[in-house]
There are 2 protein chains.
Amino acid sequence: MPREIAERSDTIAALGEVFRKHGYSGASLAEITERTGLGKGSLYHFFPDGKQEMAEAVLEDVSRWFEAHVFTPLQDPADPMDAIEHMFEAVDAYFHSGERICLLGAFALGDTRERFKAPINDYFTRWTDALTRALLRTGLTRTQARHTAEEVVVAIQGALVIARSRQDPQVFARTLRRLRQRIATARQ
Amino acid sequence: MPREIAERSDTIAALGEVFRKHGYSGASLAEITERTGLGKGSLYHFFPDGKQEMAEAVLEDVSRWFEAHVFTPLQDPADPMDAIEHMFEAVDAYFHSGERICLLGAFALGDTRERFKAPINDYFTRWTDALTRALLRTGLTRTQARHTAEEVVVAIQGALVIARSRQDPQVFARTLRRLRQRIATARQ
DNA sequence: GTCTATAGATCGATAGAC
DNA sequence: GTCTATCGATCTATAGAC
């Protein structure tokens, strides 16, 4: 019989929404208690270090998702081009086709970069490295693979910024399309 | 004889530093008074609407800088490729070769997007439009020009995110180099 | 494990003297 | 035009009952 009582992991999605919407400084415990449906007592029971620990848990959750759905599949020994196409589809799904921002990117630009520098740096480094290895296996040289991987990760983050700025998610779709094309031509 | 007393415009640079470092929510009047050297009385004399008006003034200042040093020069009737090269140099200088973030981009990803949606949207729209027109004059088709301009603005913002995330400003230099090359090949 | 009550600090903003 | 004093609200975090 499944446990009915709340678990720490049940709060992560709601915490993510609050931090995505208000940033770290702007996310108040008042809204967090409202969105999670838990009082401060329960929250501090699950997260003794308070808001800092809540944000760390969300960042870890995001990282785990990308590890499972993007970084690890990129290392699949089968056709690397299939793995890369799988990455684009997972990324498009995760960011809701440009309507959702990247919490790691937003934290990097905010007053939170120093506070969360390790998870932020890890996330982008692992992404770039995994994509570089996949591109190497498609036949690109080491230099081509490194530059193309950086170009892809840069463009995805930039597209999220511009889509948000111009309130036009289509920027994200166009960017993904362009990046797929870019990889196809780089292999010729 | 020059006025010795402070003017409103004297505070903009310091305000920009504070907002860049702490974001909007995170920027406290305590730090603003410290960095500007003005008490709250003086600040509210210059900015009756408080922090909101201070941030608006900073965004307007950034916009004016780009209008004068990037958008208008892009329309220079002389060689459009010279104008585009001038854009890259101005952008590299403004963002301190990747060590400085874009306040408009940061505000777009934060809890400030709704509050400052007009200046944020205007900034990126004017940039993209100005670059599109310059690219048109280099001989690109309308579609090529629009897509390439969007690609350039997206990549610049993305490079600022990644440079900040990985604490590696070189990402920004590599991205600008790649974009120059991209425009050169698009014209062939 | 969940709650309410509240501490203690800091917030943005205002008042009013000079 | 600049300052100090201070208001009232809100913030994170804690204490302690159940």
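This is a predicted model. Between the two protein chains, 37 residues of chain B are in contact with 38 residues of chain A. On the chain B side, the elements that give two or more residues are helix H1 (12-26), helix H6 (103-109), helix H7 (117-137), helix H8 (142-165) and helix H9 (170-186). Which of these gives the largest share? That is H8(B), with 13 residues. By class, the side of chain B that touches chain A has 15 nonpolar residues, 13 polar ones and nine charged ones.

Next, the DNA. There are 18 residues around DNA strand D, and those that come nearest are A:Ser28, A:Leu29, A:Gly50, B:Gly39 and B:Gly41. The largest share, four residues, comes from H3(B). Sorted by class, the surface near DNA strand D has seven nonpolar, eight polar and three charged residues.

Last, chain A on its own. How many helices and strands does chain A have? Nine helices and zero strands. The C-alpha atoms of chain A fill a box of roughly 60 × 40 × 30 Å along the principal axes. Of the 188 residues in chain A, 39% are buried. For contacts in chain A with a separation of 6 or more, 59% are between residues 24 or more positions apart.

That is what I have; questions are welcome.

Terms used. Residues numbered from 1 in each chain as written. Chains lettered and ligands numbered in written order. Predicted model: local features only at pLDDT ≥ 70, side-chain atom pairs only at ≥ 80, totals over all residues. Contact = placed C-beta atoms within 7 Å. Nonpolar A, V, L, I, M, F, W, Y, C, P; charged D, E, K, R; others polar. Near = placed C-beta within 6 Å. Buried ≥ 20, exposed ≤ 12 C-beta atoms within 10 Å, placed from the backbone.
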